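Subject: Structure handover

Hi,

Here is the structure for you to look over. My notes on the salt bridges and the nonpolar cores follow below it.

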Amino acid sequence: MTQSVFKKCYILSLGCAKNSVDSRSMVELLDRAGILEVSKPSQADVIIINTCGFIAPACAESLHALQKAARAKRKDQVLIAAGCLSQRDRQRLLQQVPGIDAILGTRRWMDILSVVHELETQPHQLVCHVPQNVPIGCDEHGVLRAVVQGGSAYLKIGDGCDRRCAFCTIPLIKGPAVSRPLVDILQDARQLESEGVQEIILISQDTTSYGRDLKLPDGLAHLLQELTRSVPQVPWIRCLYMFPGSITPALIRVMAESPQLLHYLDLPLQHAHPAVLQRMKRPADVEEVRHSIELLRSALPGLALRSTFIVGFPGEGEAEFQTLLDFVAEIQFDRLGIFPYYSEPGTAAFELEDDVPTEIKEERLNRLAELQEKVSLEKNQRWIGKTLQVLVEGVDRSIVVGRSYRDAPEIDGLVIAHGQAQVGHLVDVRVNGALVHDLSGEIIDTRI
(Lines give C-alpha, C1' and ligand atoms only; values in the text may rest on other atoms or scores of the structure.)
Protein backbone atom coordinates (compact mmCIF):
# COMPACT_ATOMS: atom_id res chain seq x y z
CA MET A 1 0.00 0.00 0.00
CA THR A 2 1.32 3.45 -0.89
CA GLN A 3 1.75 6.12 1.74
CA SER A 4 -1.66 7.14 3.07
CA VAL A 5 -3.02 10.65 2.73
CA PHE A 6 -4.53 10.06 6.17
CA LYS A 7 -2.04 10.70 8.96
CA LYS A 8 -3.90 10.20 12.22
CA CYS A 9 -6.45 7.74 13.58
CA TYR A 10 -8.64 7.49 16.65
CA ILE A 11 -10.21 4.23 17.79
CA LEU A 12 -12.89 3.60 20.40
CA SER A 13 -13.20 -0.03 21.46
CA LEU A 14 -16.51 -1.13 22.97
CA GLY A 15 -17.50 -4.43 24.56
CA CYS A 16 -15.19 -7.19 25.70
CA ALA A 17 -11.42 -7.60 25.91
CA LYS A 18 -11.51 -9.65 22.71
CA ASN A 19 -12.65 -6.51 20.91
CA SER A 20 -9.88 -4.54 22.60
CA VAL A 21 -7.30 -6.95 21.17
CA ASP A 22 -8.70 -6.47 17.66
CA SER A 23 -8.60 -2.71 18.15
CA ARG A 24 -4.93 -2.79 19.17
CA SER A 25 -4.12 -4.97 16.17
CA MET A 26 -5.84 -2.53 13.80
CA VAL A 27 -3.91 0.36 15.36
CA GLU A 28 -0.65 -1.53 14.80
CA LEU A 29 -1.46 -2.10 11.14
CA LEU A 30 -2.38 1.56 10.69
CA ASP A 31 0.80 2.63 12.47
CA ARG A 32 2.87 0.59 10.01
CA ALA A 33 1.23 2.55 7.19
CA GLY A 34 2.15 5.87 8.82
CA ILE A 35 -1.28 6.54 10.32
CA LEU A 36 -0.57 7.30 13.97
CA GLU A 37 -3.04 6.94 16.83
CA VAL A 38 -4.25 10.05 18.64
CA SER A 39 -6.19 10.35 21.88
CA LYS A 40 -9.10 12.50 20.68
CA PRO A 41 -11.43 12.05 17.69
CA SER A 42 -11.13 15.74 16.87
CA GLN A 43 -7.42 15.20 16.14
CA ALA A 44 -7.95 12.28 13.75
CA ASP A 45 -8.42 11.87 10.01
CA VAL A 46 -9.80 8.35 10.49
CA ILE A 47 -12.27 7.62 13.30
CA ILE A 48 -12.97 3.95 14.09
CA ILE A 49 -15.69 2.75 16.45
CA ASN A 50 -15.12 -0.96 17.16
CA THR A 51 -18.64 -1.99 18.11
CA CYS A 52 -20.16 -4.70 20.30
CA GLY A 53 -23.28 -6.53 19.15
CA PHE A 54 -23.74 -9.22 21.80
CA ILE A 55 -26.96 -8.14 23.53
CA ALA A 56 -29.40 -5.24 23.28
CA PRO A 57 -27.69 -2.85 25.77
CA ALA A 58 -24.33 -3.34 24.03
CA CYS A 59 -25.92 -2.66 20.64
CA ALA A 60 -27.53 0.50 22.01
CA GLU A 61 -24.19 1.71 23.40
CA SER A 62 -22.49 1.09 20.05
CA LEU A 63 -25.22 2.92 18.13
CA HIS A 64 -24.99 5.88 20.50
CA ALA A 65 -21.21 6.08 20.08
CA LEU A 66 -21.50 5.96 16.29
CA GLN A 67 -24.23 8.58 16.21
CA LYS A 68 -22.21 10.88 18.46
CA ALA A 69 -19.12 10.45 16.26
CA ALA A 70 -21.15 11.02 13.07
CA ARG A 71 -22.64 14.26 14.42
CA ALA A 72 -19.23 15.61 15.38
CA LYS A 73 -17.40 14.44 12.26
CA ARG A 74 -15.90 17.09 9.99
CA LYS A 75 -16.00 16.89 6.19
CA ASP A 76 -12.30 16.02 6.07
CA GLN A 77 -12.74 13.08 8.44
CA VAL A 78 -13.96 9.54 7.74
CA LEU A 79 -15.92 7.33 10.13
CA ILE A 80 -15.51 3.54 10.10
CA ALA A 81 -17.97 1.31 11.94
CA ALA A 82 -16.06 -1.89 12.77
CA GLY A 83 -16.60 -4.92 14.95
CA CYS A 84 -19.45 -7.17 15.99
CA LEU A 85 -22.49 -4.96 15.41
CA SER A 86 -21.15 -4.12 11.97
CA GLN A 87 -20.92 -7.83 11.22
CA ARG A 88 -24.33 -8.58 12.67
CA ASP A 89 -26.51 -5.75 11.40
CA ARG A 90 -24.91 -3.40 8.89
CA GLN A 91 -28.28 -2.35 7.45
CA ARG A 92 -29.39 -1.12 10.85
CA LEU A 93 -26.21 0.92 11.19
CA LEU A 94 -26.66 2.52 7.78
CA GLN A 95 -30.28 3.39 8.55
CA GLN A 96 -29.69 4.78 12.04
CA VAL A 97 -26.27 6.43 11.63
CA PRO A 98 -26.06 8.81 8.67
CA GLY A 99 -22.45 9.76 8.16
CA ILE A 100 -20.80 6.35 8.25
CA ASP A 101 -18.17 6.15 5.50
CA ALA A 102 -17.21 2.47 5.86
CA ILE A 103 -18.32 -0.71 7.55
CA LEU A 104 -15.79 -3.37 8.49
CA GLY A 105 -16.99 -6.67 9.95
CA THR A 106 -15.29 -8.29 12.91
CA ARG A 107 -14.22 -11.35 10.91
CA ARG A 108 -11.94 -9.22 8.73
CA TRP A 109 -10.48 -6.64 11.12
CA MET A 110 -7.10 -7.36 9.45
CA ASP A 111 -8.37 -5.66 6.26
CA ILE A 112 -8.44 -2.23 7.89
CA LEU A 113 -5.73 -0.89 5.55
CA SER A 114 -7.66 -2.02 2.48
CA VAL A 115 -10.74 -0.22 3.78
CA VAL A 116 -8.75 2.96 4.42
CA HIS A 117 -7.23 2.73 0.93
CA GLU A 118 -10.71 2.47 -0.62
CA LEU A 119 -11.83 5.52 1.35
CA GLU A 120 -8.86 7.43 -0.08
CA THR A 121 -9.34 6.36 -3.69
CA GLN A 122 -13.15 6.46 -3.71
CA PRO A 123 -14.11 9.46 -1.60
CA HIS A 124 -17.78 9.99 -0.80
CA GLN A 125 -18.61 6.34 -1.60
CA LEU A 126 -19.67 3.90 1.09
CA VAL A 127 -17.16 1.09 1.65
CA CYS A 128 -18.78 -2.11 2.94
CA HIS A 129 -16.43 -4.95 3.92
CA VAL A 130 -18.55 -7.51 5.79
CA PRO A 131 -18.14 -11.09 4.55
CA GLN A 132 -20.96 -13.26 5.89
CA ASN A 133 -20.07 -16.84 5.04
CA VAL A 134 -16.38 -17.10 5.86
CA PRO A 135 -14.73 -18.05 9.17
CA ILE A 136 -12.91 -15.38 11.09
CA GLY A 137 -9.55 -14.67 9.49
CA CYS A 138 -6.19 -15.78 10.83
CA ASP A 139 -4.06 -13.86 8.30
CA GLU A 140 -2.93 -11.49 11.02
CA HIS A 141 0.04 -9.89 9.20
CA GLY A 142 2.34 -10.63 12.13
CA VAL A 143 0.75 -8.11 14.51
CA LEU A 144 0.67 -8.74 18.25
CA ARG A 145 -2.71 -10.28 19.12
CA ALA A 146 -2.75 -8.84 22.60
CA VAL A 147 -3.60 -5.67 24.44
CA VAL A 148 -1.51 -4.54 27.41
CA GLN A 149 -3.16 -2.83 30.37
CA GLY A 150 -0.68 -1.94 33.10
CA GLY A 151 1.06 -5.12 34.21
CA SER A 152 -1.49 -7.37 32.50
CA ALA A 153 -2.15 -8.38 28.91
CA TYR A 154 -5.09 -10.07 27.22
CA LEU A 155 -3.76 -12.56 24.64
CA LYS A 156 -6.15 -13.97 22.05
CA ILE A 157 -5.76 -17.70 21.37
CA GLY A 158 -8.72 -18.10 19.02
CA ASP A 159 -12.03 -16.68 17.94
CA GLY A 160 -15.45 -17.79 16.78
CA CYS A 161 -17.61 -20.47 18.39
CA ASP A 162 -18.99 -23.88 17.43
CA ARG A 163 -21.52 -23.93 20.27
CA ARG A 164 -25.16 -23.29 19.51
CA CYS A 165 -26.49 -21.91 22.77
CA ALA A 166 -30.06 -20.80 22.11
CA PHE A 167 -29.65 -17.29 23.51
CA CYS A 168 -26.25 -16.41 22.04
CA THR A 169 -25.48 -14.27 18.99
CA ILE A 170 -21.74 -14.97 18.94
CA PRO A 171 -21.80 -17.84 16.38
CA LEU A 172 -23.91 -15.63 14.11
CA ILE A 173 -21.39 -12.82 14.41
CA LYS A 174 -18.06 -14.60 14.62
CA GLY A 175 -18.69 -17.82 12.73
CA PRO A 176 -17.12 -21.18 13.61
CA ALA A 177 -14.26 -21.53 16.08
CA VAL A 178 -10.79 -20.87 14.67
CA SER A 179 -7.69 -21.49 16.81
CA ARG A 180 -4.54 -19.46 16.33
CA PRO A 181 -1.42 -21.52 15.57
CA LEU A 182 0.49 -22.48 18.70
CA VAL A 183 3.72 -20.98 17.40
CA ASP A 184 2.06 -17.58 16.94
CA ILE A 185 0.60 -17.58 20.45
CA LEU A 186 3.95 -18.48 21.99
CA GLN A 187 5.71 -15.78 19.97
CA ASP A 188 3.23 -13.17 21.22
CA ALA A 189 3.65 -14.42 24.79
CA ARG A 190 7.43 -14.10 24.57
CA GLN A 191 7.06 -10.54 23.33
CA LEU A 192 4.80 -9.76 26.30
CA GLU A 193 7.34 -11.34 28.65
CA SER A 194 10.11 -9.17 27.16
CA GLU A 195 7.97 -6.10 27.83
CA GLY A 196 7.73 -6.99 31.51
CA VAL A 197 4.10 -8.12 31.57
CA GLN A 198 3.31 -9.84 34.86
CA GLU A 199 -0.02 -11.43 33.93
CA ILE A 200 -1.06 -13.00 30.64
CA ILE A 201 -4.81 -13.56 30.32
CA LEU A 202 -5.79 -16.06 27.65
CA ILE A 203 -9.05 -15.25 25.90
CA SER A 204 -11.27 -16.55 23.13
CA GLN A 205 -15.00 -17.25 22.92
CA ASP A 206 -14.35 -20.65 24.55
CA THR A 207 -10.77 -21.32 25.61
CA THR A 208 -11.49 -25.01 26.23
CA SER A 209 -12.19 -25.47 22.51
CA TYR A 210 -8.65 -24.39 21.65
CA GLY A 211 -6.97 -26.70 19.15
CA ARG A 212 -10.00 -28.74 18.09
CA ASP A 213 -9.92 -27.36 14.57
CA LEU A 214 -6.14 -27.95 14.52
CA LYS A 215 -6.70 -31.60 15.52
CA LEU A 216 -4.78 -31.07 18.76
CA PRO A 217 -5.85 -33.52 21.47
CA ASP A 218 -6.38 -31.68 24.76
CA GLY A 219 -5.41 -28.48 23.00
CA LEU A 220 -5.72 -26.07 25.92
CA ALA A 221 -3.75 -28.32 28.25
CA HIS A 222 -1.02 -28.61 25.60
CA LEU A 223 -1.00 -24.85 25.04
CA LEU A 224 -0.71 -24.10 28.77
CA GLN A 225 2.12 -26.58 29.15
CA GLU A 226 4.05 -25.02 26.26
CA LEU A 227 3.26 -21.53 27.48
CA THR A 228 4.70 -22.07 30.94
CA ARG A 229 7.90 -23.38 29.34
CA SER A 230 8.12 -20.47 26.90
CA VAL A 231 7.53 -17.59 29.34
CA PRO A 232 9.00 -18.68 32.70
CA GLN A 233 9.38 -15.05 33.81
CA VAL A 234 5.64 -14.32 33.62
CA PRO A 235 4.41 -15.12 37.13
CA TRP A 236 0.66 -15.16 36.39
CA ILE A 237 -1.19 -16.88 33.56
CA ARG A 238 -4.97 -16.73 33.72
CA CYS A 239 -7.55 -18.56 31.55
CA LEU A 240 -10.99 -17.08 30.93
CA TYR A 241 -14.23 -18.43 29.43
CA MET A 242 -14.07 -22.19 29.97
CA PHE A 243 -17.00 -24.32 28.86
CA PRO A 244 -18.58 -26.76 31.37
CA GLY A 245 -17.94 -30.36 30.43
CA SER A 246 -14.76 -29.50 28.51
CA ILE A 247 -12.35 -29.31 31.44
CA THR A 248 -10.36 -32.51 31.02
CA PRO A 249 -8.21 -34.42 33.54
CA ALA A 250 -5.14 -33.36 31.56
CA LEU A 251 -6.12 -29.69 31.85
CA ILE A 252 -6.67 -30.00 35.60
CA ARG A 253 -3.31 -31.76 35.98
CA VAL A 254 -1.44 -29.04 34.07
CA MET A 255 -3.11 -26.30 36.12
CA ALA A 256 -2.25 -28.10 39.34
CA GLU A 257 1.40 -28.64 38.43
CA SER A 258 2.42 -25.12 37.38
CA PRO A 259 2.55 -22.27 39.92
CA GLN A 260 2.24 -19.82 37.01
CA LEU A 261 -1.28 -20.99 36.21
CA LEU A 262 -3.67 -19.18 38.52
CA HIS A 263 -6.24 -21.23 40.42
CA TYR A 264 -9.06 -19.21 38.92
CA LEU A 265 -11.83 -20.54 36.70
CA ASP A 266 -14.47 -18.60 34.80
CA LEU A 267 -17.07 -21.29 34.12
CA PRO A 268 -20.26 -19.74 32.66
CA LEU A 269 -23.04 -22.18 33.60
CA GLN A 270 -26.04 -19.94 32.67
CA HIS A 271 -28.59 -21.86 34.78
CA ALA A 272 -29.01 -24.82 37.14
CA HIS A 273 -32.39 -26.28 36.24
CA PRO A 274 -32.10 -29.10 33.67
CA ALA A 275 -35.25 -28.07 31.80
CA VAL A 276 -34.07 -24.47 31.42
CA LEU A 277 -30.63 -25.65 30.32
CA GLN A 278 -32.21 -27.90 27.71
CA ARG A 279 -34.22 -24.97 26.35
CA MET A 280 -30.99 -22.98 26.32
CA LYS A 281 -29.29 -25.81 24.37
CA ARG A 282 -26.69 -26.01 27.11
CA PRO A 283 -25.21 -29.02 28.97
CA ALA A 284 -28.06 -30.08 31.27
CA ASP A 285 -26.37 -32.67 33.51
CA VAL A 286 -26.19 -30.60 36.70
CA GLU A 287 -24.89 -33.57 38.70
CA GLU A 288 -21.91 -33.77 36.36
CA VAL A 289 -21.29 -30.07 36.98
CA ARG A 290 -21.30 -30.70 40.73
CA HIS A 291 -18.86 -33.57 40.29
CA SER A 292 -16.54 -31.46 38.09
CA ILE A 293 -16.48 -28.63 40.62
CA GLU A 294 -15.61 -31.11 43.39
CA LEU A 295 -12.71 -32.44 41.32
CA LEU A 296 -11.49 -28.94 40.54
CA ARG A 297 -11.60 -27.78 44.14
CA SER A 298 -9.82 -30.92 45.27
CA ALA A 299 -7.03 -30.55 42.71
CA LEU A 300 -6.63 -26.75 42.83
CA PRO A 301 -6.30 -25.48 46.40
CA GLY A 302 -7.88 -22.09 46.98
CA LEU A 303 -9.68 -22.22 43.63
CA ALA A 304 -11.53 -18.98 42.87
CA LEU A 305 -14.63 -19.95 40.92
CA ARG A 306 -16.62 -17.48 38.86
CA SER A 307 -19.78 -18.19 36.89
CA THR A 308 -22.45 -16.39 34.90
CA PHE A 309 -26.20 -16.93 35.04
CA ILE A 310 -29.18 -15.72 33.02
CA VAL A 311 -32.49 -15.03 34.73
CA GLY A 312 -35.86 -14.83 32.99
CA PHE A 313 -35.14 -17.19 30.11
CA PRO A 314 -38.38 -18.12 28.26
CA GLY A 315 -40.48 -20.48 30.34
CA GLU A 316 -38.53 -19.94 33.56
CA GLY A 317 -41.06 -20.40 36.35
CA GLU A 318 -40.60 -19.62 40.03
CA ALA A 319 -39.73 -23.25 40.82
CA GLU A 320 -37.02 -23.30 38.16
CA PHE A 321 -35.60 -20.02 39.44
CA GLN A 322 -35.64 -21.39 43.00
CA THR A 323 -33.52 -24.29 41.77
CA LEU A 324 -30.98 -21.75 40.55
CA LEU A 325 -31.03 -19.95 43.91
CA ASP A 326 -30.51 -23.23 45.75
CA PHE A 327 -27.65 -24.21 43.44
CA VAL A 328 -25.82 -20.91 43.94
CA ALA A 329 -26.24 -21.20 47.72
CA GLU A 330 -24.91 -24.76 47.58
CA ILE A 331 -21.87 -24.26 45.31
CA GLN A 332 -20.68 -21.03 46.94
CA PHE A 333 -19.13 -19.28 43.95
CA ASP A 334 -16.49 -16.65 44.66
CA ARG A 335 -17.79 -14.34 41.92
CA LEU A 336 -20.97 -14.19 39.89
CA GLY A 337 -22.18 -12.34 36.82
CA ILE A 338 -25.96 -12.11 36.47
CA PHE A 339 -27.87 -10.94 33.39
CA PRO A 340 -31.54 -10.73 32.45
CA TYR A 341 -32.49 -12.60 29.30
CA TYR A 342 -32.60 -10.55 26.11
CA SER A 343 -34.49 -11.92 23.09
CA GLU A 344 -32.01 -11.53 20.24
CA PRO A 345 -33.03 -11.86 16.57
CA GLY A 346 -31.35 -14.73 14.78
CA THR A 347 -30.92 -16.91 17.84
CA ALA A 348 -32.84 -20.12 18.43
CA ALA A 349 -34.46 -18.65 21.55
CA PHE A 350 -35.89 -15.78 19.51
CA GLU A 351 -38.53 -18.24 18.33
CA LEU A 352 -39.64 -18.76 21.94
CA GLU A 353 -42.10 -16.43 23.59
CA ASP A 354 -40.28 -13.97 25.83
CA ASP A 355 -42.85 -14.67 28.53
CA VAL A 356 -41.09 -13.54 31.71
CA PRO A 357 -42.05 -9.88 32.32
CA THR A 358 -39.23 -7.36 32.64
CA GLU A 359 -40.14 -6.57 36.24
CA ILE A 360 -39.94 -10.27 37.15
CA LYS A 361 -36.54 -10.57 35.47
CA GLU A 362 -35.32 -7.59 37.46
CA GLU A 363 -36.75 -8.94 40.71
CA ARG A 364 -35.08 -12.32 40.17
CA LEU A 365 -31.80 -10.69 39.27
CA ASN A 366 -31.90 -8.71 42.51
CA ARG A 367 -32.73 -11.80 44.59
CA LEU A 368 -29.88 -13.76 43.10
CA ALA A 369 -27.48 -10.82 43.50
CA GLU A 370 -28.50 -10.41 47.15
CA LEU A 371 -27.80 -14.08 47.82
CA GLN A 372 -24.43 -13.92 46.07
CA GLU A 373 -23.43 -10.78 47.97
CA LYS A 374 -23.77 -12.69 51.24
CA VAL A 375 -21.68 -15.55 49.85
CA SER A 376 -19.04 -13.21 48.46
CA LEU A 377 -18.76 -11.31 51.75
CA GLU A 378 -18.33 -14.52 53.73
CA LYS A 379 -15.70 -15.75 51.25
CA ASN A 380 -13.81 -12.46 51.47
CA GLN A 381 -13.94 -12.42 55.27
CA ARG A 382 -12.08 -15.74 55.34
CA TRP A 383 -9.04 -13.95 53.93
CA ILE A 384 -8.70 -11.59 56.91
CA GLY A 385 -5.36 -12.27 58.59
CA LYS A 386 -3.97 -14.06 55.53
CA THR A 387 -1.53 -12.88 52.87
CA LEU A 388 -2.30 -12.45 49.17
CA GLN A 389 -0.02 -11.63 46.28
CA VAL A 390 -1.39 -8.55 44.51
CA LEU A 391 -0.64 -7.08 41.10
CA VAL A 392 -0.57 -3.29 41.46
CA GLU A 393 -2.79 -1.34 39.05
CA GLY A 394 -2.88 2.10 40.64
CA VAL A 395 -1.05 4.18 43.24
CA ASP A 396 -2.15 7.33 45.06
CA ARG A 397 0.41 8.43 47.63
CA SER A 398 0.34 5.66 50.25
CA ILE A 399 -2.71 3.86 48.83
CA VAL A 400 -2.19 1.01 46.39
CA VAL A 401 -4.97 -0.60 44.32
CA GLY A 402 -4.53 -3.97 42.67
CA ARG A 403 -5.87 -7.47 42.09
CA SER A 404 -5.17 -10.88 43.54
CA TYR A 405 -5.30 -14.20 41.70
CA ARG A 406 -9.01 -14.26 42.65
CA ASP A 407 -9.75 -11.17 40.57
CA ALA A 408 -9.89 -10.94 36.79
CA PRO A 409 -9.62 -7.38 35.46
CA GLU A 410 -12.78 -5.28 35.20
CA ILE A 411 -15.23 -8.01 36.27
CA ASP A 412 -14.09 -8.96 39.78
CA GLY A 413 -12.98 -7.18 42.93
CA LEU A 414 -9.94 -5.18 44.02
CA VAL A 415 -7.43 -5.22 46.85
CA ILE A 416 -6.81 -1.80 48.41
CA ALA A 417 -3.68 -1.61 50.54
CA HIS A 418 -1.62 0.87 52.49
CA GLY A 419 2.05 1.04 51.56
CA GLN A 420 4.46 1.88 48.78
CA ALA A 421 4.63 0.08 45.44
CA GLN A 422 4.85 0.66 41.70
CA VAL A 423 2.21 -0.01 39.06
CA GLY A 424 2.82 -3.33 37.34
CA HIS A 425 4.68 -4.86 40.29
CA LEU A 426 3.63 -7.76 42.49
CA VAL A 427 3.40 -7.14 46.24
CA ASP A 428 2.39 -9.23 49.22
CA VAL A 429 -0.58 -7.84 51.14
CA ARG A 430 -1.75 -8.93 54.59
CA VAL A 431 -5.55 -8.67 54.51
CA ASN A 432 -7.20 -6.83 57.39
CA GLY A 433 -10.63 -5.96 55.99
CA ALA A 434 -13.31 -7.35 53.68
CA LEU A 435 -16.26 -5.95 51.77
CA VAL A 436 -18.64 -7.73 49.40
CA HIS A 437 -16.36 -7.34 46.41
CA ASP A 438 -13.07 -5.93 47.69
CA LEU A 439 -10.38 -6.58 50.28
CA SER A 440 -8.16 -4.17 52.18
CA GLY A 441 -4.80 -4.63 53.84
CA GLU A 442 -1.18 -3.63 54.35
CA ILE A 443 1.75 -4.22 52.01
CA ILE A 444 4.34 -6.41 53.70
CA ASP A 445 6.66 -7.15 50.79
CA THR A 446 7.45 -5.86 47.29
CA ARG A 447 8.55 -8.15 44.45
CA ILE A 448 10.53 -6.22 41.83
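Arg 290 and Glu 287 form a salt bridge, with 2.7 Å between the closest N and O atoms. The term means a side-chain nitrogen of Lys or Arg within 4 Å of a carboxyl oxygen of Asp or Glu. Both residues sit in helix α11 (residues 286–299); they are 3 residues apart, so about one helical turn separates them. Helices are DSSP runs of H or I with at least four residues, strands are runs of E with at least two, and numbering starts at the N terminus. Glu 287 is exposed, at 52% relative accessibility. The classes are buried (under 20% relative accessible area), exposed (over 50%) and partly exposed (in between), using a 1.4 Å probe and protein chains only.

A word on the source. This is a predicted model: local features need pLDDT of at least 70, side-chain atom pairs count only at pLDDT 80 or more, and totals for chains, interfaces and linings use all residues. Residues are numbered from 1 along each chain as its sequence is written, and side-chain values use heavy atoms, leaving out hydrogens and water.

Glu 363 pairs with Arg 367 at 3.1 Å between the closest N and O atoms. Both lie in helix α13, 4 residues apart, about one turn of the helix. Glu 363 is partly exposed at 33%. Arg 367 is partly exposed too, at 25%.

Glu 37 and Arg 24 meet in a salt bridge at 2.8 Å, N to O. This pair links distant parts of the chain: Glu 37 is in strand β2 (residues 36–37) and Arg 24 in helix α1 (residues 17–32), 13 residues apart. Glu 37 is partly exposed at 36%. Arg 24 is partly exposed at 29%.

There is also a network of salt bridges. Its members include Asp 22, Glu 140, Arg 145 and Asp 188.

Now the cores. A nonpolar core is a set of buried Ala, Val, Leu, Ile, Met, Phe, Trp, Tyr and Cys residues joined through side-chain atoms within 4.5 Å. The largest has 69 residues, and Leu 202, Leu 224 and Phe 309 are among those with the most contacts inside it. Helix α12 (residues 318–331) gives the largest share of this core, 6 residues. A second, separate core has 28 residues, including Leu 240 and Leu 439.

Best regards
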